[in-house]
Amino acid sequence: NSSSQRDTHAACDVVCCATFLASAYDVGPNGLSLTAPCNRRQFSFRNAEAAFQATQNWPLAGMFQDLSAAAAQQKVQRFGSHRDSTRAGFGNCWLAMQAVLLAKFSPGSPAGLALLKTGDAFLLEYTEQPTSDDEEVLIDNWLGLLLMLVRDKLAGDSRWTDYFRAFVALDTGSATKRSAAEQWRQTVQTARVELKKQLAKDPNPDSGG
């Protein structure tokens, strides 16, 4: 159920010290500023998820500025079919989220520096449930993959980026071919199995010791 999922996510964040990576992480008022290509108007948001959802109707982005991630997801559902398929001019949901993450983890920012401290670690979205139809075409662990691409940009490195080219089209987030999608899915599944093992070792990470 949703409660157990939240508990699992919280445990993952504690074990991995990765709370700040989550799209729902609150960066504070005006903590994330994003300008959309459709009209160059800038809005500020408290979390990456709110900014991402706002790209579905950028003229109303001001309504998302102070929303939590969950509230932003609920808000966008009320738009029904009145959503911008271009994602505020970014082109698609993959590029929209990439722009959001580049804004959140900007060079020299506390979030950007924290992301760099993850080194060359494989970043994993523990569970993924698309919040819109266009996300369903994206490759597995797409948020983790995007974070690693952003980290490469910050570090001036291309090791992960070059590796990912064999699996995913970097302008759409879709698998390059069916066999690549399956190979990537197995890679992600292996990482999730390893994470479950770590959680099993310390199921109550907040208890100390």
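**Entry 1: the hairpin**

I began with leucine 32, whose bridge partner in β2 is phenylalanine 45; strands here are DSSP runs of E with at least two residues, helices are runs of H or I with at least four residues, and both are numbered from the N terminus. I note that this is a predicted model, in which local features need pLDDT of at least 70 and side-chain atom pairs count only at pLDDT 80 or more, whereas totals for chains, interfaces and linings use all residues. Residues are numbered from 1 along each chain as its sequence is written, and side-chain values use heavy atoms, with hydrogens and water left out.

I then followed the pairing of β1 with β2, which is antiparallel and runs over 4 bridges, where two strands count as paired if DSSP finds at least two bridges between them. Leucine 34 stands opposite phenylalanine 43 in β2. On β1 I found Leu32 and Leu34 on the covered face, with Ser33 and Thr35 on the uncovered one.

Between the two strands of this hairpin there are 6 residues, and among them arginine 40 takes a positive phi near 65°. Most residues other than glycine have a negative phi. Arginine 40 belongs to the loop between β1 (32-35) and β2 (42-45), and with a relative accessible area of 58% it is exposed; the cut-offs are under 20% relative accessible area for buried, over 50% for exposed and partly exposed in between, with a 1.4 Å probe and protein chains only.

Is alanine 88 buried or exposed? Alanine 88 has a relative accessibility of 0% and therefore counts as buried, although this residue too has a positive phi, of about 60°, without being a glycine. I located alanine 88 in the loop between α3 (69-77) and α4 (93-104).

**Entry 2: phenylalanine 52 and its neighbours**

I next turned to the aromatic rings, where Phe, Tyr and Trp (its six-membered ring) pair if their centres lie within 6.5 Å, with planes under 30 degrees apart counted as stacked, over 60 as edge-to-face and the rest as tilted. By this rule I have 13 aromatic pairs. In one of them the rings of phenylalanine 52 and tryptophan 142 have centres 6.0 Å apart and planes at 50°, so the pair is tilted. This pair links distant parts of the chain, since phenylalanine 52 is in helix α2 (residues 48-54) and tryptophan 142 is in helix α6 (residues 142-155), 90 residues apart. Phenylalanine 52 is buried at 1% relative accessible area, and tryptophan 142, at 6%, also counts as buried.

What sits over the ring of phenylalanine 52? I found the charged end of arginine 87 there, 4.3 Å from the ring centre; the criterion is NZ of Lys or CZ of Arg within 6 Å of the ring centre and within 35 degrees of the ring normal. Phenylalanine 52 and arginine 87 are 35 residues apart in sequence and 8.7 Å apart in space, C-alpha to C-alpha.

**Entry 3: the rings of α7**

Tryptophan 160 and phenylalanine 164 have ring centres 5.4 Å apart and planes at 20°, so I list the pair as stacked. Both residues lie in helix α7 (residues 159-164), 4 residues apart, about one turn of the helix, and both are buried. I also find them in one aromatic cluster with Phe122, Tyr163, Phe167 and Trp184.

**Entry 4: core and whole chain**

For the chain as a whole I recorded 8 helices and 2 strands, in the pattern α-β-β-α-α-α-α-α-α-α along the sequence. Of its 209 residues, 39% count as buried. Among contacts between residues at least 6 apart in sequence, 57% join residues at least 24 apart.

How values were computed. Contact means heavy atoms within 4.5 Å.
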